[in-house]
Amino acid sequence: MTAMTTSPDWWRDAVIYQIYPRSFADADGDGIGDLPGVVSRLLHLAELGVDAIWVSPFYVSPQHDGGYDVADYRAVDPVFGTLGDADRLIEAAHAHGLRIIVDLVPNHTSWDHPWFQAALHLGPDSPERACYLFRDGHGPDGAEPPNNWQSVFGGPAWTRVTEPDGRLGAWYLHMYDTSQPDLDWSSPVVRAEFESILRFWLDRGVDGFRVDVAHGLVKAPGLPDWEADPEARTRPPMWDQDGVHEIYRAWRTVLDEYDHHPILVAEAWVEPPERLMRYLRPDEMHQAFNFEFMFTPWDAARLRSSIDRVRTASASVGSVPTWVLSNHDVVRHTTRLVMPPAASHVRGIGPNDPQPDEAHGLRRGRAATLLMLSLPGGAYLYQGEELGLPEHTTLPDETRQDPTFGRTLGQILGRDGCRVPMPWEELAPAYGFSSTSNSWLPQPPAWAHYAADIQQAVDGSTLEMYRRAIALRAAHGMGAGELTWIESPAEGLLAFRNADITVVVNTGTEAVETSDLGAVLLASGPVDVATSGHIALLPADTTVWTT
Ligand code: NOJ
């Protein structure tokens with residue numbers, strides 16, 4: 001356990017661990033994880049060596065989108081605990097040397113939020129209507145939606161309301177589920193409310209905010225129709241509008257009033273990297289997830305050019321890249337990297353789909369992890385990846401809870417497969433996730449083999465590989481290092497120096513003979529190390545760190 005640094009730049013090389021609280025640890029036995037459960041497992045994270053945790057939403061919510069539909073931003077949902085539990089979590093995280101980042105969901109509220117309820121029940125003239133994007137419909141009687149926008153979760157992005165007098169009335173915009181009405185960020189009331197929410201949590205001691213849909217808050221004036229046209233490369237009117245930046249500049253001034261150096265991290269699905277970097281100008285946010293790297297295929301040349309593009313773009317605004325391979329929205333990287341591109345991570349994987357090769361996925365996933373953790377910049381881990389968890393690819397349809405599944409009538413299976421509760425103990429009920437055998441999504445029997453307790457202190461286990469990688473990365477200053485490419489004669493090899501370490505990744509399908517790489521510090525898979533401590537052959541789908 002190490003003490004937290006006091007540096008304002010702590011985030012630049014930090015390893016931050018994402019907790020999806022529904023699925024992390026369940027202290028009260030109802031089958032849904034909770035905040036006391038998180039507290040009970042903090043030692044695991046301190047021993048893993050991460051610098052901070054990011055906790056996905058735990059606020060009052062009807063849970064139509066796993067808590068990303070917030071009804072009260074200043075209270076904890078009873079399913080997760082109480083505000084007192086949140087305070088205890090903040091304190092306990094700090095006592096373990098971990099900073100804590102919470103999720104902020106500013107693009108939309110839940111339809112249960114008091115503003116939206118007032119907007120519905122007090123009618124068109126209520127001030128609360130101005131907090132959302134209500135518009136009259138087109139066509140006779142306004143029966144057609146105001147524009148042609150589609151929800152990210154499928155189906156139209158508009159829903160028509162019944163006014164208090166019983167007549168069909170205006171429509172409201174929801175870029176996600178019907179239960180998630182978009183806020184109107186031109187409203188000063190909305191702006192003031194969110195600055196107050198920031199202060200509420202900063203005053204309680206949190207170290208930052210992961211900003212949900214950071215690219216979506218401002219819509220183009222007039223909400224024009226839009227057809228996706230990959231050739232034209234026009235910016236969609238609902239995403240990445242220039243007006244978002246003044247919001248983040250205002251938030252940054254709020255954060256900068258606090259002397260414990262809290263940060264903002266953007267969830268912004270924005271391309272190209274140069275556009276994403278606008279969120280990271282010195283007076284805006286600190287970090288933005290590098291989704292381009294996440295979805296780069298397992299190919300040395302493409303990885304190198306993706307890494308370079310982001311490094312160059314980050315440097316242009318004085319920032320650093322933020323690497324990530326998995327989160328609660330995408331197929332876990334141990335599975336994704338051995339599935340056909342695009343098919344799996346957009347749609348999800350179900351029992352009727354071709355099934356991934358689990359052993360191959362783990363081998364490649366571990367190699368990708370050692371690549372990610374060797375790169376300069378910050379890195380985010382998603383709960384369970386330190387155990388090598390694969391995606392759950394055979395969830396029965398009737399257990400699925402992602403709103404995407406229902407809204408697309410099962411065409412898109414959704415994200416439940418990466419949200420299955422953690423296996424902590426091989427032989428305990430629900431593998432130690434819950435004190436009972438309850439688990440809100442079923443855990444596959446094979447997960448017994450991934451349980452944390454049986455990987456503990458086992459040489460070569462995925463858990464021990466992560467621990468060692470994080471420790472070496474810190475000891476050698478790799479997060480704050482400089483990357484220098486080593487030109488490699490062999491196709492499929494990616495090689496570079498960072499700090500005093502050489503990193504070599506074999507993304508090919510065959511073992512490759514290597515010239516002298518130096519002594520092996522860490523390898524993602526089995527390698528033959530000669531008595532000299534050196535290796536001469538690097539197997540496929542393997543990363544090594546050498547000196
Ligand atoms: C991004 C979150 O990560 C995802 O889980 C959520 O469904 C959408 N934003 C909508 O809030």
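Q: What does D397 count as, going by its relative accessibility?
A: Burial is read as a share of accessible area: under 20% is buried, over 50% exposed, and in between partly exposed, with a 1.4 Å probe and protein chains only. D397 comes out at 40%, which makes it partly exposed. R400 is buried at 9% relative accessible area. Before we go on: this is a predicted model, where local features need pLDDT of at least 70 and side-chain atom pairs count only at pLDDT 80 or more, while totals for chains, interfaces and linings use all residues. Residues are numbered from 1 along each chain as its sequence is written, and side-chain values use heavy atoms, leaving out hydrogens and water.

Q: What do the side chains of R400 and D397 form?
A: Side chains of opposite charge can pair when their charged atoms come close. The cut-off for a salt bridge is a side-chain nitrogen of Lys or Arg within 4 Å of a carboxyl oxygen of Asp or Glu. R400 and D397 make one, at 3.7 Å from N to O.

Q: Where in the chain do the partners R419 and D329 sit?
A: Let's start with the contact: the side chains of R419 and D329 meet in a salt bridge, 3.1 Å from N to O. R419 is in the loop between α13 (403–407) and α14 (452–455), while D329 is in the loop between β12 (322–324) and α10 (333–336), and the two are 90 residues apart. Helices (H or I, at least four residues) and strands (E, at least two) are DSSP runs, numbered from the N terminus. R419 and D329 are both buried.

Q: And what does the salt bridge between D182 and K219 tie together?
A: Here the N to O distance is 2.7 Å. D182 belongs to the loop between β8 (168–173) and α5 (188–203), K219 to the loop between β9 (208–211) and α6 (244–256), so their contact ties together parts 37 residues apart in sequence. Both D182 and K219 are buried.

Q: In what order do β6, β7 and β8 stand in their sheet?
A: Strands of a sheet pair through backbone hydrogen bonds, either parallel or antiparallel. Two strands pair if DSSP finds at least two bridges between them. This open sheet has the order β6-β8-β7, with antiparallel pairing. β6 (134–135) and β7 (158–162) are at the edges with a single partner strand each, so one side of each has no neighbour in the sheet. Four bridges join β7 to β8, and W158 stands opposite L173 in β8.

Q: Which residues cover the two faces of β10?
A: In a regular strand the side chains alternate between the two faces of the sheet. In β10 (263–266), I263 and V265 are on one side, L264 and A266 on the other, and all are buried. β10 pairs in the parallel sense with β9 over four bridges, and with β11 (287–288) over two.
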